[in-house]
Amino acid sequence: MKYCSHCGAEVSHRIPPGDNRERFVCDRCDTIFYQNPNLVAGTLAVYQQQILLCRRAIEPRLGYWTLPAGFMENGESTSAAACRETREEANAEVTVQQLLSLISVPHIDQVHLFYLARLEQPQFSPGEESLEVALFSEADIPWQEIAFPTVSRTLKHYFRHQHTTTELPCLTDTIELTESLNRLEQQENIKQHQKSASRQTS
Ligand code: ZN
């Protein structure tokens, strides 16, 4: 940020008195602008052992599959946010059952959390941010085309524990920058390989 949203003066980036981190501070009215991680909430919604996935119509990761999820709004609970995002992206009504994963992504200042939810009816359609919405059984999950590492990790965690008769354990984890980059590179290589393979056959 460049200007103070209170008085319009320029802000500087410095450690305020009594603090130990650099913040944006207004040089005129001394307002300190704290920036904190954003929460992303979503659902892993199940209908007859199949999982609801959305193919993204927006960047980042346009065309890749994801669990319905998005940024929380102020004044909202995490489970309400997860249900709202599921409604917006997949036009689907779900009942939240339990928290399934809580994953920090420190290099982009985000925390992602996914709830296990029940899709009561097989009714869904693409919302504005989705190209396509579909149910996938475990064998059909498009692992090479999953948009985000937090989504693959949550899916794997679910499949590992799905037959637990009591409450499933909640996965708590962290995605490191190097892992994120390696994953992108792998997916890019696969895409290039598929392109050259289809050129050779056509
Ligand atoms: Zn100011």
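**Exercise 1. Which residue in E2 is the bridge partner of Ser-12, and in which sheet does this pairing sit?**

Solution. The bridge partner of Ser-12 in E2 is Val-25, as read from this predicted model. Next, take the two strands as a whole: E1 pairs with strand E2, which covers residues 23-26, in the antiparallel sense and over 4 bridges. As a general point, the strands of a sheet pair through backbone hydrogen bonds, in either a parallel or an antiparallel manner.

**Exercise 2. Decide whether Cys-54 is buried or exposed, and find which residues Cys-54 touches.**

Solution. Begin by locating Cys-54, which lies in strand E5, residues 50-56. Then consider the neighbour count: Cys-54 counts as buried because 27 C-beta neighbours lie inside 10 Å, and the cut-off for a buried residue is 20 or more. Lastly, leaving aside residues up to four places away in sequence, Cys-54 touches Trp-65, Thr-66, Pro-68, Glu-89, Ala-90, Ser-130 and Val-133.

**Exercise 3. How far apart are Cys-54 and Gln-35 in sequence and in space, and where do the domain bounds fall?**

Solution. Along the sequence, Cys-54 and Gln-35 are 19 residues apart, while in space their C-alpha atoms are 30 Å apart. Now turn to the domain assignment, which gives domain 1 as 1-35 and domain 2 as 38-175. To complete the picture, the C-alpha centres of domain 1 and domain 2 lie 36 Å apart.

Technical notes
Residues numbered from 1 in each chain as written. Predicted model: local features only at pLDDT ≥ 70, side-chain atom pairs only at ≥ 80, totals over all residues. Buried ≥ 20, exposed ≤ 12 C-beta atoms within 10 Å, placed from the backbone. Contact = placed C-beta atoms within 7 Å. Domains from an automatic or database assignment. Pairing = 2+ DSSP bridges.
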